[in-house]
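Student: I would like a close look at one part of this model. Please keep to the charged side chains and what they pair with.

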Amino acid sequence: MLSLPNLLTLSRIVAVPLLVWFLWWPTWAAGFGIAFALYCLMGVTDYFDGYLARAQGTVSKLGVFLDPIADKIMVAAVILMLVGTRHDDVAVITGVHIIAALVILLREIAVSGLREFLAGLQVSLPVSRLAKWKTTLQLVAFGALILAGALPAQLWIKAVGLGCLWGAAALTLITGWDYLRVGIRHMD
């Protein structure tokens, strides 16, 4: 149970409160810089936990259970902090951009519920290639928006973050619909 891949997954969950703490103060650029480094480290561990589990043949039920939870906790925490953090010169998600963040958050909840429902029917819902692209855009978007808080004078970083956020939201709608179509086939 306490294999290296599972420890990496657990480390992501444990790191979320620390990430939130560094994002708490919108005018603390150094805090956003540290949060960016921590966020990148969390992204690297997300890649390596799955890679190592498959390479070492140590894929476990605990890892399969915890990995998507760790991802969703991190995404939800970052969205809440970037929407809830309000200051003019800090890269936060405001105005119409909240819609893109909300689409991503709601899809995370809906797909989790769908996966839980289908698991009760012993139906697997594999991650699609397009969903992996969605995740990549999402990671880049949130990373750029956190980095923009550390470097508020670099407006292009925020623009990249918001562009990727909308791209991720569009892919979120497409992949969410794809998953829902699969799920509907198994509903009475």
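Is aspartate 49 buried or exposed?

Tutor: The model is predicted. In it, aspartate 49 is buried, with a relative accessible area of 3%. Its partner is arginine 12: the two side chains meet in a salt bridge, with 2.5 Å from N to O. This pair links distant parts of the chain, since arginine 12 belongs to helix H1 (residues 4-23) and aspartate 49 to helix H2 (residues 29-56), 37 residues apart. Arginine 12 is buried as well, at a relative accessible area of 1%.

Arginine 12 also forms a salt bridge with aspartate 67, where the closest N and O atoms are 3.0 Å apart. Aspartate 67 lies in helix H3 (residues 61-84) and arginine 12 in helix H1, so this pair ties together parts that are 55 residues apart in sequence. Aspartate 67 counts as partly exposed, at 21% relative accessibility; the cut-off for buried is under 20%.

Aspartate 71 is another salt-bridge partner of arginine 12, with 2.7 Å between the closest N and O atoms. Aspartate 71 lies in helix H3, so its pair with arginine 12 in helix H1 ties together parts 59 residues apart in sequence. Aspartate 71 is partly exposed, with a relative accessible area of 22%.

Through shared partners, salt bridges join Arg12, Asp46, Asp49, Asp67 and Asp71 into one network. Side chains of opposite charge can pair when their charged atoms come close. For the model as a whole, the count comes to 7 salt bridges.

Key
Residues numbered from 1 in each chain as written. Predicted model: local features only at pLDDT ≥ 70, side-chain atom pairs only at ≥ 80, totals over all residues. Heavy atoms only, no water. Salt bridge = Lys/Arg side-chain N within 4 Å of Asp/Glu carboxyl O. Helix = DSSP H or I, 4+ residues; strand = E, 2+ residues; numbered from the N terminus. Buried < 20%, exposed > 50% of the residue type's maximum accessible area, 1.4 Å probe, protein only.
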